[in-house]
Amino acid sequence: MAMMDNKQKAQHRADQIQSFYDEVSQLESDKVLQLSTEQHAAVARFHEGLLKSLTEQFDIDTSSRQKQLSTGMKIASFIGALALAASVFFLFYQFWGYLTTPLQVVILIAAPLITLLFSYIVSRRESTGYFAKLLSMVSFACFVLNLVMLGQIFNITPSDKALLVWAAYGFVLAYAFDVRLLLAMGILSLAGFIAARVGTWFGLYWLYMGERPENFFIPALIIFSMPLLIKQIRYSGFMPIYRVFGCLLFLVPVLVLSNWGNGSYLPWSNSVIEGFYQLTGFVASAALIALGIRKQWPDVINTANAFFVLFLYTKIFDWWWEIMPKYLFFLVIALSSLLLLFVYKRIRLQSQLSGGGHA
Amino acid sequence: MRNLMITAIALLLLTNVVVLAGIAYNRSGEPLASVLLTERELSLPVYYAHNFDEDSSTSLHLEWSLLDSDDDPEFLYTRYVTPGWLNHAKLIELGIDLEKLKKDDNSYTYTYNDAAHTADVILVLEYNGETYQTALTQTEHKVVQLQKKISNKQDKGDYSDDLDRYKNQLDQLKTTHSRLYVIDAGLNQNILAQKYADKNKYLLARGEIGVDWQDKKIVGHIRHLYISDIHVPLPYSRRITDLTQDKKNNSNSIPVSPRYAVQLNIGQRMEPWIEAVKILKEGK
C-alpha cells in the first residue's frame, strides 16, 4: 500500500476509490465485467480499512456530501478568521485609551502568545484542524497589532524590519498548522520587506516601495523559486501558493508599468518604457504558460493565461477603441478570443496525444 | 510541530525584547531635547482626520512652519515653501545629486511627489526663536506699509482686503499659530546636537527632503516629518480631554489661546515622548 504523505494525496486516493466503484457499477450494468461476491467482499474490506485509516490520519471526505460540507467549513473558517482578526484590532483601538501604558504593553505582548498556545492545544484535541487554523490566524493578527501599537504608543520611527518578523511568524504558523492563508500573508510580508530594501538601495524611503513597481521583481523571483529549492510534499497546496504569488508579484508590476512608465527606474522616455513593459508582459505570460504546461502546473497556467488576456485586451483597447466603430472593436475582441480558443484546443489535443496527466 | 512552536514563541519574545530594548535606549540618559510646547505647537487632531468613535486614544499633532525666502511672500508662515537655508549647497550636503538632475530636462519627472528625488535627513526645529520673531516683524511691517498706503490719499489702490488678511495673519502669529520653525537639516545627529546645544529651544526630528522644478530652477522642500503625531499616555490624556471636553478640534471654530503646555522630550533615537502636561487655562 503506497504511503500517503499529505492530505491532498490521501483525498485523491479516496476519490480514486469512489470513482472505481462508480466505474465497476457501470461496467456491470453494461455486462462488460462481473466480479464475484467474494471478490466484491474482498475489495470492499480492503477499501473500508484503507478509507478508515486515511480518515483518521488526514480527516478526508469520503462522499460528495462530506465534500460539500467541507467546502462550507473552509469558507466559514476563512471568513471567521478574517472577521475575528479585524475584531481584535478594533477591540483594542476602542479601549486602549483607557489603559495605562504598562497594561497596554502586557496585553499586546501576551495576546499573540496566548492565542498561539490555544492554537496548539486545540490542534492536539480537534482532528479537523479548522479551529486551530482560525486561532492561528488570530495569533498572527495579534502579532501585527503588537508591533503596530507599540510603535504608536512609544512614537517609534516606522521600520521595514516589522515586515520581516511578520513574514517569519506567518511562515512558522503556516507550516505549524497547515494554513495556506497564513502562507500568503507571510509571502506578502516577505515581498514587502525585500521590495522596501531594494527601494532603499536606490535612495527611496521604504514606505514608498510601491511607487517603483520594479522593486517587486526580485521578491517575485525568490518566491517563485522557493518550491524548487525547498521540497514541501507534506504540505498540501503550498507549492501552488508560492508559484501563483511569484507570478502575481511579477506580472502586476509589469502591467502597471506598461501603462505608467513614469514609475520605472529605467532612464528612457515614458513611451519607450511602456512599450518595453507591454512586450515584456506578453513574452513573460506566454513563457509562464509554456512552463506551466511543461511542468504540469495548472496554477501557473491559469494565472499567466489571465494576464496574457489582460495584456492583449489592454493593447487592443489602446490601439483601436478611439479609431474603430464600437461594433467592429468588439468583433475584433471576439475574433481574438476565438483565435485563443483554437490555439488552446490544439495545445490540449497535443497533450492528450502525448498522454500527459494532470497535476 | 514542537520545533515550530518553540520557534514561534522564541520569535514573539525576541521581537518584543528588541523593541522594548530600543524604547529603553531611546529614553536612557539625557534627552537630546526637552522643550515646553503649548497647544499651538502640539494640537489636538482635526475632527475629520480622526475616527474618535472607534479609537479611544489621544494623540497630539506637531505643528511646524517654515519662513519663506521670498522678499514679498503672500503668506509668511507655511510648510509648503522653500526656506532660505535650503539652498543648492545644502541640497548637495544632504546627498541630492543636482548635477545629475540638471541633465534631465524632462521636468515632468520632478513632480512634487516624485519619490526618487528625496533625502532622508535630520531636521532642526527652533521654538520661539529668531525665525519666529522674524516672521512677526515682517508681518507687522507689512501691516504698517499697507496702513500707510491706505492713508496716502494720492494712492488710488484698494488695499483694504490685503490689510485685513495681514492683520489676521498677525493676530494668528501672536496667539494661535505655532512658534516652531524648521531652521536647518543635516545627516549627522552628533554634529547637529552640538551646533544646536540649547535643549530647551531646539528639537531634532527625522524627516524627508525632496526637490522639484520651479521657474526652471531646482528647489528643495520639506516633504514631511516621520513622526508628527505623538501619543499621549494616561493620565495626561485624561487631563487634556477633560479640559477640552472632547477631543475634536474644529478648524472652523474661533481660535482660542493655548489651554495646555506639554513637556516634549526627544530621545537618543530621536523618538519623542511626553514627559509632563501642564494646564494653562481651565474650560474651553
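Which residue in strand 5 of chain B is the bridge partner of B:Leu125? Let's work towards that pairing, starting with what kind of model this is. It is a predicted model, in which local features need pLDDT of at least 70 and side-chain atom pairs count only at pLDDT 80 or more, while totals for chains, interfaces and linings use all residues. Residues are numbered from 1 along each chain as its sequence is written, with chains lettered from A and ligands numbered from 1 in the order in which they are written.

The model scores ipTM 0.87 and pTM 0.84. In chain B, pLDDT (the predictor's confidence in each residue, from 0 to 100) averages 83, and 82% of the residues score at least 70.

Now to the pairing itself. B:Leu125 has B:Val182 as its bridge partner in strand 5 of chain B. Strand 4 (residues 118–127) and strand 5 of chain B pair in the antiparallel sense over six bridges; strands count as paired if DSSP finds at least two bridges between them. Strand 5 (residues 180–186) of chain B is largely enclosed by the rest of the structure, because five of its seven residues are buried, that is, have 20 or more other C-beta atoms, placed from the backbone, within 10 Å of their own.

B:Val124 touches residues including B:Val182, B:Ile183, B:Tyr196 and B:Leu204, not counting residues up to four places away in sequence. Here a contact means C-beta atoms, placed from the backbone, within 7 Å.

B:Val124 and B:Leu125 join A:Leu173 as the residues with the most contacts inside the largest nonpolar core, which has 134 residues. Such a core is a set of buried Ala, Val, Leu, Ile, Met, Phe, Trp, Tyr and Cys residues joined through C-beta atoms within 7 Å. Helix 5 of chain A supplies the largest share, 14 residues.

Finally, look at where the chains meet. The contact takes 36 residues from chain A and 35 residues from chain B. On the side of chain A that touches chain B, helix 6 of chain A gives the most, with seven residues.

Methods
Two residues are in contact if their C-beta atoms, placed from the backbone, lie within 7 Å. Helices (H or I, at least four residues) and strands (E, at least two) are DSSP runs, numbered from the N terminus. A residue is buried if 20 or more other C-beta atoms lie within 10 Å of its own, exposed if 12 or fewer, and partly exposed in between; C-beta atoms are placed from the backbone.
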